[in-house]
Amino acid sequence: MNEELLSFAAQSARFLQDVSVDCCQQFFWMTIAAGIFGFLMACGIGANDVANAFATSVSAKSVTLKQAVVIAGICEFLGAMLLGASVTSTIKGKMIDTSLYADEPGVLMYGMLTSLVAASFILAVANYLALPVSTTHTIVGSIVGFSLAAKGFSSIDWMEVGKIFISWVAAPVITGSAAALFFWVSRKFILLSQSPYKRAITLYPFIIFIAIGVDLFMVFYKAGKNSPQIKEWGLKFMIPAGFCISLFLAIVFHFFLSPYLQKRVDAKMERLEKAKADKENEDAVQENAEAGERGEKKSATMMKILGEIGEDEEEKAVEQDDGEEQTTNTTMSRSERIKKQMSASFHKSVSKLGDATINRDIEAEAFAKSTKAKEMWETGEEFDPRAEEMFSHLQVLTACLLSFAHGANDVANAIGPIAAVIAIYNTGEVSSKNPVPKWIIFLGAAGIVIGLLLYGYKLMISLGYKITKMSPSRGFCIELAASFVVVIASFIGIPVSTTQCQVGGTIGVGLIGGEKGNRSGNLNPLFVIKVILGWVGTFVAVCVINAGVFAFAYYAPSASGFA
């Protein structure tokens, strides 16, 4: 009797599993749609989060827009592919109770799909409005919205959601305070000292040790979430490894690279001073020439004669060019002409794409759009250019490490839901952990790079120019403070946003210094309020939108097949 019951139970289990798998196979379209919208989500992340990471470096002129896109693209892609999530949670941040969907895997599949749709849409709107928002909180809010519609309030872990609300205040305030402290110390003891350049050189190894050590530790810590091997090594590996590497770099810099860097900085300053002097001489010569031309009076008859001669010569030149072109077209074969036209069309298209993306003058655009931004940059406090140049090299290095860590960690915001949909489709079961194929990580990494290339400039304008005046020393303090806060918050378990930390740090730095201590004039309060409202608005909007999109299809009479 017991054997018969066991046999019946086994057959029933196999039957239910087969039914579940067959049920999920009818939703193959969901896997395709999830891949498409996951890619769009990754593009939104690249345009928003990654652009924010390099905004201070571009506005401080440590790197150009084109260089920032190339460097960030490489760092993000390598971070995602080398240390990206090999195993990701089904639900980002474990905001909902997945056990409620054990008997309804199709519902979870559809919820993940609509979450990607709503999140990618909201990110597109935020990027269009040039609002720096949290991509992590956007996808979490989207998932919360669908679960509210599917299973009600009891399906949400409100303690985890509450941590997000706390981070809206805590992350920018703490980062702003840390950045203000770092910049106050740098400003008082280095930038405003009698010999800022020499002090910057003297303290540079110590700054490298602290900054690179913290950033490397953050990279290891975030990578440990995705790499079981690094996670097993634990803090006993992460802390010594990060700071030993930074100590080695500090020693190498002090004894070998410092003299070279000083020569490079001095040579650059000499070139800039020479270029400035040459421009002043050219302006003086041009002004004298214009004055001489205004003093001369030319005969009307001579002008007429010269005009007629010029017209005759122009007509002859046009006739000659037409003859040469006709001869060329006659001797050139049809295939050669088509090839030449295609080449010209390709180069023209590439030129237009470059002008629309990486070749833009974002400083001129920022000042044209915001008179307050132009006023802040014209009246903002300036420091010794040689000392600032020393900070610029370190600022670029910290931005690269932040970008690498971001690619390793935040690519999961886009690929996590895709991995969940594909895992449910393949197995017919809901699992707390899902393996992530390499091609999905590649898809997310590629989306991030493309989003940064096509639309990243808008967010660089917002964070780099519209909040306060930026410089290499200010940007370095912002990035260092953001690194500290992200690491500490990760230990505590509060899901802070790197974007919110960057915004808070920029505000904190803007409160220090200014024209004659005019701190209020060194900030753009209206834009700051707009950004903060954007954080709250995107979370609420994506939650409501996804709840509506999910409910519209799920509760329709034809939606019974999701169960």
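"Buried" means under 20% relative accessible area, "exposed" means over 50%, and "partly exposed" is in between (1.4 Å probe, protein chains only). This is a predicted model, where local features need pLDDT of at least 70, side-chain atom pairs count only at pLDDT 80 or more, and totals for chains, interfaces and linings use all residues. Residues are numbered from 1 along each chain as its sequence is written, and side-chain values use heavy atoms, leaving out hydrogens and water.

View 1. Helices (H or I, at least four residues) and strands (E, at least two) are DSSP runs, numbered from the N terminus. There are 563 residues here, and 50% of them count as buried.

**View 2. Six residues make a nonpolar surface patch: Phe-121, Val-125, Tyr-128, Leu-129, Ile-545 and Val-549.** To join such a patch, a nonpolar side chain (Val, Leu, Ile, Met, Phe, Trp, Tyr) needs over 30% relative accessible area, no salt bridge and a patch neighbour within 5 Å. The patch covers about 530 Å² (area by the Shrake-Rupley method, 1.4 Å probe). Look for Val-125 in helix α4; Val-125 counts as partly exposed because its relative accessibility is 34%.

**View 3. Arg-187 and Glu-381 form a salt bridge.** That means a side-chain nitrogen of Lys or Arg within 4 Å of a carboxyl oxygen of Asp or Glu. In this pair the closest N and O atoms are 2.9 Å apart. Arg-187 sits in helix α6 (residues 158–191) and Glu-381 in the loop between α13 (371–379) and α14 (385–409), so the pair ties together parts 194 residues apart in sequence. Both partners are buried. The structure holds eight salt bridges.

**View 4. Arg-386 and Glu-273 meet in a salt bridge, 4.0 Å from N to O.** This pair links distant parts of the chain, with Arg-386 in helix α14 and Glu-273 in helix α9 (residues 235–295), 113 residues apart. Arg-386 is partly exposed at 22% relative accessibility, and Glu-273 is partly exposed at 49%.

**View 5. Lys-469 pairs with Glu-382 in a salt bridge whose closest N and O atoms are 3.9 Å apart.** Lys-469 lies in the loop between α16 (438–465) and α17 (472–492), and Glu-382 in the loop between α13 and α14, so parts 87 residues apart in sequence get tied together. Lys-469 is buried, with a relative accessible area of 8%, whereas Glu-382 is exposed at 62%.

How values were computed. Patch = residues over 30% accessible without salt bridge, like charges linked within 9 Å, V, L, I, M, F, W, Y side chains within 5 Å.
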